[in-house]
Amino acid sequence: MFLFLSKLLPLFFYPLGLASICLLVALFMLWKRPRTAAIAITLALVILLLSSNAWIANLLVRSLEWQYLPPAQLPNAEAIVVLGGATKPALPPRPSVDLNESGDRVIYAAQLYRQNKAPLIILSGGRIDWGDNQGLSESEDMAQVLTSIGIPSEVLVQEAESLNTYQNAVNVKKILDTRGISRILLVTSAMHMPRSFLIFKRQGIEAIPAPTDFLITNTEIKALGHTPKAAILSLLPDSSNLHKFTVAAKEYFGMFVYRLRGWL
C-alpha cells in the first residue's frame, strides 16, 4: 500500500496535478462563487508559468545534480552498483529492451567496468506490475543490454526484488555482505544521487557517487541570461521545463518522505 500511495499522492502536488485541481475547483465554483473561481484559475496559471520556465526549472534541477559532481578520476572499488529505472521492457512492438532517458546509467556502468574501476556489476531493480508495466525485472533488462554490448555475463549480479530506492539499498547490502564487498561505485542519474547516496550510507555501505545522466550543464546555466533575448525566452512556458521541474520536485518530495520514515 505504501508503494501505491507513494506513486499516487504526489501526483496531486506536482505542478500539473496541482494546476488541474485548481482548475477543477474553478469549474465547480464558476457560477456560485466567481471570485473563488477566478482565484483558482489565477493560481493554476501562476503554478504552470513558474514551473515551466527555464530559470526556475534549471536552477531547481542543478540544486540536486551538482551536489555530487564526479572527480576528474573516480577511484577503484570492489563493485559497480547500478540502480534501475533506466530501461523499457521488450514488449511488442519493441524488438528488444530499450533504454529510456535515464539509460545513461547502464552505458556508464559498462564504461566504468571497461576502465577496470571494479570487477563486478550489481544490477538492482525489480518491476512494478501495474497496468502495461509488464515484462522482466529491470535488473534482467539491464543485463541484456550490457551483454549485448560485450560485458561478460559472469561479472553481472542481479538483484531483482527492489521496487524503490530504499529496497535497492537494503537488498544490495545483503549481496555485498555475502560477497565480503565493502566499497562500491554507486551509479544512478545525477538528480537521483542525493537521495540514493544518503540511503546507501544509512545502510552502512561505503558508496562512492558516480552520477551520470546530467540534465543541466554549465553552458545551459550561462545561456539563461546570456543575452536579453535568451533571458526573455527562458521565461516563457515550455513542456520540457515543466518535466524537469516535476522530476526535481519528485526527488525533493521523496527525500522528505524518506526522512519521515527514517530511511535517510
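Trp263 is buried, with a relative accessible area of 11%. That value, like the others today, comes from a predicted model.

Who is its partner? The rings of Trp263 and Tyr258 have centres 4.9 Å apart. Their planes meet at 80 degrees, so this pair is edge-to-face. Tyr258 is buried too, at 6% relative accessibility. Ring pairs also bring in Tyr166, so that Tyr166, Tyr258 and Trp263 make a cluster.

Arg195 lies over the face of Tyr258, 5.0 Å from the ring centre.

Arg195 takes us to helix H8, and Tyr258 to helix H11. H8 covers residues 193-202, and H11 covers residues 239-260. How do the two helices meet? Their axes come within 9 Å and cross at roughly 20 degrees. That makes H8 roughly parallel to H11, because angles under 35 degrees count that way. From H8, the contact uses Pro194, Arg195, Leu198 and Ile199. From H11, it uses Glu251, Gly254, Met255, Tyr258 and Arg259. By type, the residues of this contact are five nonpolar, one polar and three charged.

Stay with H8. Is it enclosed or open? Seven of its ten residues are buried, so H8 is largely enclosed by the rest of the structure. The buried ones are Met193, Pro194, Arg195, Ser196, Phe197, Ile199 and Phe200. What covers them? The cover includes helix H4, strand S1, helix H7, strand S6, strand S7 and H11. After H8 comes Gly204, with a positive phi near 80 degrees.

Back to rings. How many aromatic pairs turn up in the whole structure? Three. One of them joins Tyr68 and Phe197, with centres 4.9 Å apart. The planes stand at 50 degrees, so this pair is tilted. Tyr68 sits in the loop between H4 and S1, and Phe197 sits in H8, so the pair ties together parts 129 residues apart in sequence. Which of these two is buried, and which is partly exposed? Phe197 is buried, at 14% relative accessible area. Tyr68 is partly exposed, at 22%.

There is another charge over a ring. The charged end of Arg62 sits over Trp66, 5.2 Å from the ring centre.

Next, some backbone points. The peptide bond from Pro92 to Pro93 is cis, with omega near 5 degrees. Pro93 lies in the loop between strand S2 and strand S3.

Two residues other than glycine deserve a look for phi. Asn116 has a positive phi, near 60 degrees. Asn116 lies in the loop between helix H5 and strand S4. At 63% relative accessibility, Asn116 is exposed. Asp213 also has a positive phi, near 60 degrees. Asp213 lies in the loop between S7 and helix H9. Asp213, though, is buried, with a relative accessible area of 12%.

Last stop: Leu136. Where is it? In the loop between S4 and helix H6. Leu136 is partly exposed, at 44% relative accessible area. Leaving out residues up to four places away in sequence, Leu136 touches Arg127, Asp141 and Gln144. Its C-alpha is 9.7 Å from that of Leu91, 45 residues away along the chain.

Key. Residues numbered from 1 in each chain as written. Predicted model: local features only at pLDDT ≥ 70, side-chain atom pairs only at ≥ 80, totals over all residues. Heavy atoms only, no water. Axes fitted to C-alpha atoms, helices over the stretch in contact; angles between N-to-C directions. Helix = DSSP H or I, 4+ residues; strand = E, 2+ residues; numbered from the N terminus. Parallel < 35°, antiparallel > 145°, perpendicular 65-115°, else oblique. Contact = heavy atoms within 4.5 Å. Nonpolar A, V, L, I, M, F, W, Y, C, P; charged D, E, K, R; others polar. Phe/Tyr/Trp six-rings, centres within 6.5 Å; stacked < 30°, edge-to-face > 60°. Buried < 20%, exposed > 50% of the residue type's maximum accessible area, 1.4 Å probe, protein only. Lys NZ or Arg CZ within 6 Å of the ring centre and 35° of its normal.
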